[in-house]
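Look over the sequence and the model, then read on.

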Amino acid sequence: MQCLARYALLSGIATVSIMYSAVAFSTDEETAAHLPQTVEDSPFASEREAVMWRQDELKDLERLLRQLRFDLVNNRDARGAAPRLAELQERATQDYFLPAFIEGTHGRGSDARPAIWEEWDEFAAGFQDLEQKVSVLVEAAEQEDYRAATRAFSDVSLSCRSCHRAYRHN
């Protein structure tokens, strides 16, 4: 029975991830990223589901970055890192994450600070910055320029940390 319950939970999470991947909120440089006001503005069934999804996804992103550090900085293996770099480039985007930041989902059980919604444009810009820095990292790795990849990896890490300092409770 526990196995069946775990399977149902995992398949539910996978379904949300797949549904979520298909949702894209268009942005351009003159228009602020879409701020999901309610659950209905998002691909999630509940605010709690959105909070749990974003926490899990951000932890997965952190694990992915640790592996990439090992691949690129320690082992200098750009070819081995290629699948993880592609995954990073796909997932470390505002289109992927912002729909999970439904306005007001910063209370109990969330590490998010209310400043996210008070400073939405700046928060969304942090993801744009991250996307740009990930692109530089991918380009350096594709060229097998490990010195540039190390600098770019450091920039990606700094982008993550600056956002966490401003918008996440520790």
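## Helices α2 and α3

In this predicted model, α2 and α3 pack at an angle of about 155°, and their axes lie 10 Å apart. Angles over 145 degrees count as roughly antiparallel. That makes α2 roughly antiparallel to α3. The crossing of α2 past α3 is left-handed.

Which residues meet here? On the α2 side they are Glu57, Asp60, Leu61, Leu64, Leu65, Gln67, Leu68, Asp71 and Leu72. On the α3 side they are Ala78, Gly80, Ala81, Arg84, Leu85, Glu87, Leu88 and Arg91. By class, the contact of α2 with α3 has 9 nonpolar residues, 2 polar ones and 6 charged ones.

## A look along α2

Helix α2 covers residues 47-74, which is 28 residues. At 1.5 Å a residue, α2 should span 40 Å.

After α2 comes Arg76, whose phi is positive, near 50°.

## Helices α3 and α6

Helix α3 also packs against α6. The angle is about 160°, and the axes are 10 Å apart. α3 and α6 are therefore roughly antiparallel to each other. Their crossing is left-handed.

From α3, the contact is made by Ala78, Leu85, Leu88 and Gln89. From α6, it is made by Val134, Ser135, Leu137, Val138 and Ala141. The contact of α3 with α6 divides into 7 nonpolar residues, 2 polar ones and no charged ones.

## Helix α7

Helix α7 has 22 residues, 146-167. From its first C-alpha to its last, α7 reaches 31 Å. That is close to the 32 Å expected at 1.5 Å a residue.

What do the buried residues of α7 pack against? They pack against α2, α3 (78-91), α5 (115-118) and α6 (120-142). The buried residues of α7 are Tyr146, Ala148, Ala149, Ala152, Phe153, Val156, Ser157, Ser159, Cys160, Cys163 and Tyr167.

How values were computed: Residues are numbered from 1 along each chain as its sequence is written. This is a predicted model: local features need pLDDT of at least 70, side-chain atom pairs count only at pLDDT 80 or more; totals for chains, interfaces and linings use all residues. Side-chain values use heavy atoms; hydrogens and water are left out. Helices (H or I, at least four residues) and strands (E, at least two) are DSSP runs, numbered from the N terminus. The expected span of a helix is 1.5 Å times one less than its number of residues. Buried means under 20% relative accessible area, exposed over 50%, partly exposed in between (1.4 Å probe, protein chains only). Contact means heavy atoms within 4.5 Å. Axes are lines fitted to C-alpha atoms, for helices over the stretch in contact, and angles run from 0 to 180 degrees between N-to-C directions. Angles under 35 degrees count as roughly parallel, over 145 as roughly antiparallel, 65 to 115 as roughly perpendicular and the rest as oblique. A crossing is left-handed if the near helix is turned anticlockwise from the far one by less than a right angle, and right-handed if clockwise. Ala, Val, Leu, Ile, Met, Phe, Trp, Tyr, Cys and Pro count as nonpolar, Asp, Glu, Lys and Arg as charged, and the others, Gly among them, as polar.
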